[in-house]
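Open the model in your viewer and keep the selection tool at hand. This tour goes from the whole chain to single residues.

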Amino acid sequence: VADLTSLGMTYTGNAVTGTFTATAATNETGTSNSVTIGAAAATRLVITGSASQTAGQAQTVTVTAKDAYGNTDTTYTGDQSLTFSGAANSSSPVTHPTVTDKDGNAVAFGSATPITFASGVATAGGSLKLYKVESATIAVTDGTISAAVSDRLTVTVSGLAASRLVVSGSGSQTAGQAQTVTIAAKDTYGN
């Protein structure tokens, strides 16, 4: 009986069920019984969703707990306290980006948000609202593992139709003198 660990061999592939076949130098072969290889413990969170969004509109995002080999850690379950980051507040009025918790309540980015997981995938919570026109890179962490680099979600946020005109210029003026005035069309969130 061969012990793969004592031979210095380690399996680093996908979590699968299958068999191993070994071939000796003498061309004799042997096949193992069925073997199930499960995922390792989660080392990162992966956030996915739409790459575009309109300010103030919701989109559902999915958070998945993955091991170092890209397998979903099915033991990452129950309520997890996640903190989201990576998007800015709108300017006028100041409106914080939010994500819903497991009960559907909007929670501002930077605050702990309880999200429910089953078999490594978020199943309750995760409706994302962004308010500032920008290219936001959304990250998430549970305090131990997080979404980094390609595990983050990049979202291009577009503005709503203009809902008001904002006039700006000097607060004082001398009679008979010209003044430059700027008129800007803004949406509900100041974009």
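**The whole chain**

Start with everything shown. The protein has a radius of gyration of 26 Å, whereas a compact globule of 191 residues would have one near 16 Å. That radius is taken over C-alpha atoms, and the globule rule is 2.2 Å times the number of residues to the power 0.38. Along the principal axes, the C-alpha atoms fill a box of roughly 105 × 35 × 25 Å.

Before you select anything, note that this is a predicted model, where local features need pLDDT of at least 70, side-chain atom pairs count only at pLDDT 80 or more, and totals for chains, interfaces and linings use all residues. Residues are numbered from 1 along each chain as its sequence is written, and side-chain values use heavy atoms, with hydrogens and water left out.

Switch to cartoon. You will find 0 helices and 18 strands. Helices (H or I, at least four residues) and strands (E, at least two) are DSSP runs, numbered from the N terminus.

The accessible surface comes to about 10800 Å², and 51% of it belongs to carbon and sulfur atoms. These areas come from the Shrake-Rupley method with a 1.4 Å probe; for residues, only the protein chains shown count as cover. Of the 191 residues, 27% are buried. Buried means under 20% relative accessible area, exposed means over 50%, and partly exposed lies in between (1.4 Å probe, protein chains only).

How far apart in sequence are the residues that meet? Among contacts between residues at least 6 apart in sequence, 59% join residues at least 24 apart. A contact means heavy atoms within 4.5 Å.

**The core**

Next, select Ile 47, Val 63, Leu 82, Phe 84, Leu 130 and Ile 138. These residues have the most contacts inside the largest nonpolar core, which has 28 residues. At least two residues of this core come from each of β5 (44–48), β8 (62–66), β9 (78–85), β12 (112–118), β15 and β16. Such a core is a set of buried Ala, Val, Leu, Ile, Met, Phe, Trp, Tyr and Cys residues joined through side-chain atoms within 4.5 Å. In soluble globular proteins, nonpolar side chains tend to be buried together.

Zoom in on Leu 130. Leaving out residues up to four places away in sequence, its contacts include Gln 53, Ala 87, Phe 109, Ile 138 and Val 157.

**The loop between β15 and β16**

Which residues sit between these two strands? Asp 151 lies in the loop between β15 (134–141) and β16 (153–158).

Select Asp 151. Is Asp 151 buried or exposed? Asp 151 counts as buried because its relative accessible area is 9%. Not counting residues up to four places away in sequence, Asp 151 touches Arg 44, Leu 45, Val 46 and Ile 47.

Step to Arg 152. Arg 152 is partly exposed, at 38% relative accessibility. Beyond residues up to four places away in sequence, Arg 152 touches Ile 47, Thr 137, Ile 138, Ala 139 and Ala 147.

Go back to Ser 146. Ser 146 has 32% relative accessibility, so it counts as partly exposed. Its contacts, not counting residues up to four places away in sequence, are Arg 44, Leu 45, Val 140 and Thr 141. Draw a distance from Ser 146 to Phe 84: the two are 62 residues apart in sequence and 9.7 Å apart in space, C-alpha to C-alpha.

**Thr 74 and Ser 119**

Select Thr 74, in the loop between β8 and β9. Thr 74 is partly exposed, at 49% relative accessibility. Setting aside residues up to four places away in sequence, Thr 74 touches Ser 119 and Gly 120.

Phi of Ser 119 is near 55°, a positive value in a residue other than glycine. Ser 119 is partly exposed, at 43% relative accessibility.

Select Asn 27, in the loop between β2 (21–23) and β3 (29–31). Its phi is near 70°, a positive value in a residue other than glycine. Asn 27 counts as exposed because its relative accessibility is 64%.

Finish at Pro 93, in the loop between β9 and β10 (98–100). Where is the cis peptide bond? It joins Ser 92 and Pro 93, with omega about 5°.
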